[in-house]
Amino acid sequence: MSHLRYEKQEHLAVVTMNRPEARNAWSLEMMARLADAWEDIDGDPQVRVAVLTGAGDNFCAGADLKLMHSDQTDNPWHARFREDPGLHWRAMLRSYRLKKPLIAAVEGYALGGGTEILQVTDIRVASREATFGLTEAALGLFPLGGSTVRLQRQIPRTLALEMLLTGRRVSAQEALDWGLVGRLVEPGTALKEALELAERVAACGPLAVQAIKRSVYETADMAEEAGLARELELGQPVFRSKDAREGPRAFSERRKPVFKGE
Ligand code: COA
C-alpha cells in the first residue's frame, strides 16, 4: 500500500497521507511522494487547488518516532534523500510554498509535523474532535518544520509559545478560537467540507487566485506602502488576462464564467 494517495479530478488534487496503522506518521516513502505531489500540483496547469488530508480518521502524527534513530540506508526510498538533500524540506513545505491554494481537512490527531504542515495550508477545516499539538519539546526534539517562525505569525505569540514550550495537546475548539483553523465541522465531514471549499476556489479565475495567494504571502511582512506597491505588480497583470475579460462578460450575460487560466 502506497504511503501517499495522490488523486486528481478535473481542477482538484487530493493528497492523502496514508499510513493509518501509524496514524499517518511520515515515512521516507511518504515524504518523497509528498514532494512529488507538490511538484505535480504546481506543474500541472489543469490543477487549480489541492486538499491535504489523512487516511483512517487521523490527519498526521508527524515524524516517525520509531524510525527516527534507526538506520534507514537499506530503505529503497533512502537514495532519493541522499541524492537530493532538500527533498525532506520540500516534502514538509518548509522550503517551498505551493503556488496553488492548499486546503487542510483534519480529522483526529494532527501532532508534531501534522500541526507543522498545517501552518503552510491556506484554508483549514477540522473536525470538532480534532486534536492539535507541537509535541517536539516534550520529546526532546525541535519542531524543524518551521513552527518557531511561522506559528507566532499566525496565532498570538503567547499561545504559540504555550504550544511550543509545553507540547500540550490543543482541542479543536481552542484551535478555532486561536485562529489556527478556520472552521470546525462534524467528525467525519472535514474532507467533504474541504472539497466544497476547493470547488469554490476551482471555480474562480486561476490567474487571479494564484496572484492573490502570492500577494498575501509576499506582502505579509512588508510595511504597508511596500506591500501595496507589490500588490500592484502582482495584481495588475491579472487585469490584462483573457480571464479578466471573461468574468465580467459572463456576469453581463448571466452565465457562469469559463476560465482558462489565460
Ligand atoms: N511515529 C511512529 N509511530 C507512530 C507515531 C509516530 N509519530 N504515532 C503513532 N504511531 C504508531 C504507534 O506506535 C502505534 O503503533 P503500534 O500499533 O505498532 O504500537 C500506532 O501508531 C497507533 O498509535 P497509538 O498510540 O496506539 O494510537 P492512539 O490513537 O492511542 O494515539 C497518537 C495516537 C497520535 C495520539 C499517539 O500515537 C501519539 O502520541 N503519537 C506520537 C505523536 C507525536 O508526538 N508526534 C510528533 C513527532 S515529532
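Guide: Helix H1 (residues 28-43) lies across E1, E2, E3 and strand E4 (102-106). H1 runs at about 15 degrees to E1. Angles go from 0 to 180 degrees between N-to-C directions, on axes fitted to C-alpha atoms, for helices over the stretch in contact. The model is predicted, so local features need pLDDT of at least 70 and side-chain atom pairs pLDDT 80 or more, while totals for chains, interfaces and linings use all residues. Residues are numbered from 1 along each chain as its sequence is written, and side-chain values use heavy atoms, without hydrogens or water.

Helix H8 (residues 190-202) also packs on the sheet. H8 touches E2, E3, E4, strand E6 (123-127) and E9 (contact: heavy atoms within 4.5 Å). The direction of H8 makes about 165 degrees with that of E4. Helices (H or I, at least four residues) and strands (E, at least two) are DSSP runs, numbered from the N terminus.

Now the sheet itself. It is open, with 6 strands in the order E1-E2-E3-E4-E6-E9, and the pairing is mixed. Two strands pair if DSSP finds at least two bridges between them. Strand E1 (4-9) and strand E9 (183-185) are the edges, each pairing on one side only. From one strand to the next, the twist averages 20 degrees.

E1 and E2 pair antiparallel over 6 bridges. Lysine 8 stands opposite alanine 13 in E2. Their hairpin has 2 residues between the strands, and there glutamate 10 takes a positive phi near 50 degrees. On to E3. E2 (residues 12-17) runs parallel to E3 (residues 49-54), joined by 6 bridges. Here leucine 12 stands opposite valine 49.

Finally, the helix. H6 spans residues 157-166. The face turned away carries Arg157, Thr158 and Leu165, which are exposed (over 50%). Cover for the buried residues of H6 includes helix H4 (113-118), strand E7 (131-133), helix H5 (147-154), strand E8 (170-171) and helix H7 (172-178). Just after H6, glycine 167 takes a positive phi of about 70 degrees.

Technical notes
Buried means under 20% relative accessible area, exposed over 50%, partly exposed in between (1.4 Å probe, protein chains only).
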